[in-house]
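Please keep the structure open beside it as you read.

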Amino acid sequence: MVGVAACGSVSSIKALWETRIQRRRQEEEQRGRPSRGGATGRLSVQVWEDQAVLARLREKLQTEDGRLVLRIEQEEWKNLPACLVRFVQVQEWQIHRTGLLKVPPFICSFQNLLVLDLSRNAITEIPQQIGKLTRLRELLLSYNRIRVVPEELGGCEILERLELAMNRDLKELPDQHLDLSMNDFVSLPDCVVALPALQWLDMGGNRLQQLPDDIHRMQMLQTLWLQRNELQILPENISRMSRLDTLVLSSNRLRDIPSLMEDMTNLRFVNFRDNPLIVDVSLPLRTEDGEDDREMFGRDFMLTYIQEKRRRAEPPPDG
């Protein structure tokens with residue numbers, strides 16, 4: 001009986017051990033399945049959420065004046081979802097009072113974008129990718145918290161309108177350098193004039209028709225490129241830009257040079273070439289072979305022009 005009992009005990013222990021091993025395997029399999037099922041479940045939830053967001057965004061699409069417009073106003077959208085790239089055909093964004101914190105880097109996917117109006121939000125920076133929007137005509141970012149305007153903005157080749165009003169943290173640009181050349185600006189944006197630390201500005205190749213009377217607010221500006229525009233007159237206050245040492249005005253429609261510009265003692269290089277100035281001025285040649293080693297429409301030309309204009313304005317002597 002003892003032997004039988006012993007054999008029975010060994011068999012029971014073996015059976016019990018095998019049962020435990022089998023149960024453990026089943027538990028491991030069961031733990032694995034929910035894990036995989038959980039990932040699938042989370043993925044399904046994410047897909048469902050994306051679909052819900054897309055459906056919500058789709059309701060914001062409107063056709064206005066032949067353009068497909070994304071219009072969101074007075075709803076909380078602190079961040080724009082990546083699934084928005086499903087609507088790259090949108091030509092205009094009108095997103096106001098949403099608490100939006102930043103312009104998403106995927107903005108460069110919207111190559112059909114003509115107008116980007118994100119005014120009255122909480123945006124702190126403009127991404128470098130903005131420069132890839134080569135068809136963008138209007139960039140409106142007033143009433144935000146913009147601190148920096150990237151140099152890449154110059155890549156927006158046909159930009160006509162730039163608004164950055166009431167961005168109180170916007171005080172200077174990277175390296176105090178801004179290139180907005182080869183666009184379609186008809187006036188110098190107020191937000192640019194309001195940057196007192198700006199040192200270098202290129203607005204060449206636009207359609208500027210006049211400069212603001214308060215251009216002297218740009219107190220630190222040293223270099224100003226305005227070639228190939230449509231300027232007809234210069235404001236008198238340009239003479240108050242005491243740090244300006246380079247001023248390029250070639251290929252405009254200027255008919256006169258303000259007399260006060262002769263007081264700009266720091267102005268070392270200026271170019272008035274290809275302008276229909278009303279006073280015809282010729283400078284004497286300096287070299288024996290008839291070649292002039294000076295810039296014919298530079299500083300000497302400007303001073304001679306002003307002196308000749310003043311001389312012609314004097315009344316003739318009594319005969």
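Which residues does methionine 261 touch, not counting residues up to four places away in sequence?

1. Methionine 261 touches Leu234, Ile238, Ser239, Leu247, Leu267, Phe272, Met302 and Ile306, where contact means heavy atoms within 4.5 Å. Before going further, please note that this is a predicted model, in which local features need pLDDT of at least 70 and side-chain atom pairs count only at pLDDT 80 or more, while totals for chains, interfaces and linings use all residues. Residues are numbered from 1 along each chain as its sequence is written, and side-chain values use heavy atoms, with hydrogens and water left out.

2. Met261 also belongs to the largest nonpolar core, which has 74 residues. Such a core is a set of buried Ala, Val, Leu, Ile, Met, Phe, Trp, Tyr and Cys residues joined through side-chain atoms within 4.5 Å; buried means under 20% relative accessible area, with a 1.4 Å probe and protein chains only. Trp93, Leu201, Met218, Leu247, Met261 and Phe272 touch the most other members. At least two residues each come from α1 (2-58), β2, β3, α2 (190-193) and α3, and the largest share, four residues, is that of α3.

3. Let us turn to that helix. α3 spans residues 299-313, and its 15 residues reach 21 Å from first C-alpha to last, close to the 21 Å expected at 1.5 Å a residue (1.5 Å times one less than the number of residues). Helices here are DSSP runs of H or I with at least four residues, and strands are runs of E with at least two, numbered from the N terminus.

4. Phe301, Met302, Tyr305, Ile306, Glu308 and Lys309 are buried in α3. They lie on the same side of the helix because they cover an arc of only 165 degrees around the axis, taken from the directions from the axis to the C-beta atoms. What covers them includes β11 (269-271).

5. Glutamate 308 has a relative accessible area of 19%. Its contacts are Val279 and Val281, leaving aside residues up to four places away in sequence. Valine 279 is 29 residues from glutamate 308 in sequence, yet their C-alpha atoms are 7.7 Å apart.

6. Finally, look at the strands. β1 (residues 61-64) and β2 (residues 67-73) pair in the antiparallel sense over four bridges, pairing being at least two DSSP bridges. Leucine 61 stands opposite leucine 70 in β2. Two residues separate the strands of this hairpin, and aspartate 65 in the turn has a positive phi of about 50 degrees. β2 also pairs with β3 (residues 92-96), in the parallel sense over five bridges, with glutamate 73 opposite histidine 96 in β3.

Conventions: Buried means under 20% relative accessible area, exposed over 50%, partly exposed in between (1.4 Å probe, protein chains only).
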